Amino acid sequence: MNTTFKIYQLNNSNEARNIKFMGYDFLVENNINLSLSLYNEVYAGKIGGRSEWYDNTKELCDEIFHQFNMNHPADFKGHSLSTSDIVEIEGKYYYCDDYGWVKVNL
């Protein structure tokens, strides 16, 4: 089974720079609404093999996080996956928080 995913990282707009590398609590405390317009898609791919073993999507996000920090593909042009990045899996969006993932609506 292959699962499609995309990785989004914040663009260089002033609004995006203000939240780069900030945890989800910062967004909530400052009443900041996320918008995909603040992000650039930096990678799209499929993850297969072990993905069917995962109990939930957040575990799959963890696997993608690990891959894009330790052994990212040669065609990946972004920075290592970090807080404030977004992973889209099968049309659902997950914000990379300080610890773990938060499902967000975009």
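Is phenylalanine 76 buried or exposed? In this predicted model, phenylalanine 76 has a relative accessibility of 5% and therefore counts as buried, since the term applies to residues under 20% relative accessible area.

**Aromatic pairs**

The structure holds eight aromatic pairs, and two that involve phenylalanine 76 are set out below.

| Pair | Centre to centre | Angle between planes | Arrangement |
|---|---|---|---|
| Tyrosine 43 and phenylalanine 76 | 6.0 Å | 80° | edge-to-face |
| Phenylalanine 68 and phenylalanine 76 | 4.9 Å | 80° | edge-to-face |

Tyrosine 43 belongs to strand β2 (residues 39-47), while phenylalanine 76 sits in the loop between α3 (57-70) and β3 (86-89), so their pairing ties together parts that are 33 residues apart in sequence. Tyrosine 43, with a relative accessibility of 14%, also counts as buried, and phenylalanine 68 is buried as well. Together with Phe5, the residues Tyr43, Phe68 and Phe76 make up one aromatic cluster.

**Cysteines**

How many disulfides does a search of the whole structure find? The search returns zero. For cysteine 61, the closest cysteine sulfur is that of cysteine 96, and because the two atoms are 8.5 Å apart, they are too far from each other for a bond; the cut-off for a disulfide is a sulfur pair within 2.5 Å. Cysteine 96 is accordingly in no disulfide. Cysteine 61 is buried, its relative accessible area being 0%, and cysteine 96, at 3% relative accessibility, counts as buried too.

Key: Residues are numbered from 1 along each chain as its sequence is written. This is a predicted model: local features need pLDDT of at least 70, side-chain atom pairs count only at pLDDT 80 or more; totals for chains, interfaces and linings use all residues. Side-chain values use heavy atoms; hydrogens and water are left out. Rings of Phe, Tyr and Trp (its six-membered ring) pair if their centres lie within 6.5 Å; planes under 30 degrees apart count as stacked, over 60 as edge-to-face and the rest as tilted. Helices (H or I, at least four residues) and strands (E, at least two) are DSSP runs, numbered from the N terminus. Buried means under 20% relative accessible area, exposed over 50%, partly exposed in between (1.4 Å probe, protein chains only).
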